[in-house]
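Work through the exercises below with the structure open beside you. Try each task before reading its solution.

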Amino acid sequence: MQAKPHAKILGTGRAVPEKILSNADLEKMVDTSDQWIIERTGIRTRHIAEPGTGVAQLAAAAARNALDDAGLGPQDIDLIIVGTVSGDYKFPATACLVQQQLGIEQAAAFDVSAACSGFLYSLRLGESLLRSGDFRRALIIGGEVLSSQVDWSDRNTCTLFGDGAGAAIIGPSQDESGILALHLQSDGRHAGLLINPGCGSANPPRPDNLHLHAIRMEGREVFRHAVAAMSDGLDRVLGKTGLRLEDIDLLIPHQANLRIIQAVGKKVGMPEDRVYVNVDRFGNTSAASIPMAIDEARRSGRIAPGHLVAAVTFGAGFTWAAGLIRF
Ligand SMILES: CC(C)(COP(=O)(O)OP(=O)(O)OC[C@H]1O[C@@H](n2cnc3c(N)ncnc32)[C@H](O)[C@@H]1OP(=O)(O)O)[C@@H](O)C(=O)NCCC(=O)NCCS
């Protein structure tokens, strides 16, 4: 018998910048081709923020949509967590900027750094803090402007990433719907395989080392670990709940690369029509990918009340996470 969930998703929202960068645009910037990018990644377009647009603006827009969806206002939120590795500033936290932009007066606000796992890590924290009884409703956001960290002359990485934000409001569940299980894991031995080494305390910005401020990645190694970790994460949340793969209505893998998504689906044995894909339109939006996909799937009817949704993700650290949510 499954335990009754403590918290549930009350509303969701998303936001992306207007500007779209196509593979044809990238062909003019680096030695690449539309065909290579589609065959190796499945990505056709990605949304890119105008220079100077920080994550907070996208995150606040996604949050407003989520509040509207939930029928709630700023006064109903007392906890804000933003999963991001591309926050507006070193400090203060992007969550505090979201609080400022939304006019949320009474809340605790902080960021979580878990790269592409940022949303599920934040969801886990938010759910635990609601469980503590100290908070009533939490705004959980995954948002990134990774275009600010891309080396636009490096064809190995510049085709992959996009900008965006996704938000969810969580509050107490009165019924069987809600967050059934979450599993978080990390393996710091691989910290160097996907990294932006610049501009932190190890390499503070100086005129001669600004080139360090860019995403570097061992793509093949990341690919291999991502497939194994996301599949294992799904097994673990199914194991925690006693639910089976057949019970899942929709699997939402982190949208990094279509080949990774397909490999995860195949490894766990999920039919393609129950695996969500939007990486073709948004690229890899890191922490934003899962909440953006959840919101898109809800609004398009792919997720309906009663549906069981599994989300799995993997990112720098390495970090990975999986969740099972009944809508
Ligand atoms: C990045 C990735 C698409 C590369 O695909 P791949 O099949 O592993 O390709 P490789 O890295 O082996 O590179 C193969 C060749 O393509 C080239 N190449 C890389 N990017 C290219 C591009 N955009 N256009 C054309 N050629 C490209 C490489 O230079 C290499 O050329 P070489 O053989 O002459 O050295 C793939 O490894 C990947 O998706 N990894 C995971 C990335 C990811 O999701 N990261 C975030 C996780 S959260």
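**Exercise 1. Helix H6**

Task: find what follows H6, check the helix length, and list its buried residues.

Solution. Start at the end of the helix. Gly 242 follows H6, and its phi is positive, near 75°. A note on the model: it is predicted, so local features need pLDDT of at least 70 and side-chain atom pairs count only at pLDDT 80 or more, while totals for chains, interfaces and linings use all residues. Residues are numbered from 1 along each chain as its sequence is written, and side-chain values use heavy atoms, with hydrogens and water left out.

Next, the length. H6 covers residues 219–241, which is 23 residues. Helices here are DSSP runs (H or I, at least four residues), strands are E runs of at least two, and both are numbered from the N terminus. The expected span is 1.5 Å times one less than the number of residues. That gives 33 Å for H6, and the end C-alpha atoms are 33 Å apart, so the two values agree.

Now the burial. Buried means under 20% relative accessible area, exposed over 50%, and partly exposed in between (1.4 Å probe, protein chains only). The buried residues of H6 are Val 222, His 225, Ala 226, Val 227, Ala 229, Met 230, Ser 231, Gly 233, Leu 234, Val 237, Leu 238 and Thr 241. To read such a list, recall that an α-helix has 3.6 residues a turn, so residues three or four places apart point the same way.

Take one of them. Ala 226 has 3% relative accessibility and therefore counts as buried.

**Exercise 2. The ligand shell**

Task: which elements supply the shell around the ligand, and why does the ligand lie between the two domains?

Solution. Begin with the residues. The ligand has 22 residues around it; Thr 32, Arg 40, Arg 155, Arg 220 and Asn 257 come nearest. A residue counts as near if one of its heavy atoms lies within 4 Å.

Sort the shell by class. There are eight nonpolar, nine polar and five charged residues. Nonpolar covers Ala, Val, Leu, Ile, Met, Phe, Trp, Tyr, Cys and Pro; charged covers Asp, Glu, Lys and Arg; the others, Gly among them, are polar.

Sort it by element. Helix H2 (34–41), H6, helix H7 (258–268) and strand E12 (308–315) each supply at least two residues. H6 gives the most, with four.

Go to domains. Domain 1 (7–174) and domain 2 (180–326) both give residues to the shell, so the ligand lies between them. The bounds come from an automatic or database domain assignment.

Finish with the atom pairs. A polar contact is a pair of N or O atoms within 3.5 Å; within protein, one must be able to donate a hydrogen and the other to accept it, and residues adjacent in sequence count only if both atoms are side-chain atoms.

- A polar backbone atom of Arg 155 is 3.0 Å from a ligand nitrogen atom.
- A backbone N or O atom of Gly 219 is 3.0 Å from a ligand nitrogen atom.
- A polar side-chain atom of Arg 220 is 2.6 Å from a ligand oxygen atom.

Taken alone, the ligand exposes 950 Å², and the protein buries 77% of that. Accessible areas come from the Shrake-Rupley method with a 1.4 Å probe; for residues, only the protein chains shown count as cover.

**Exercise 3. Backbone checks in loops**

Task: which residue does a cis peptide bond join to Phe 91, and which to Gly 317? Then locate two positive phi values.

Solution. The bond from Phe 91 to Pro 92 is cis, with omega near 5°. Pro 92 sits in the loop between strand E4 (79–83) and helix H4 (94–102). Another cis bond joins Gly 317 to Phe 318, with omega about -15°. Phe 318 is in the loop between E12 and strand E13 (319–326).

Turn to phi. Cys 199 is not glycine, yet its phi is near 70°. Its loop runs between strand E9 (194–195) and strand E10 (216–217). Ser 286 has phi near 55°, and lies in the loop between helix H8 (279–282) and helix H9 (289–299). At 2% relative accessibility, Ser 286 counts as buried.
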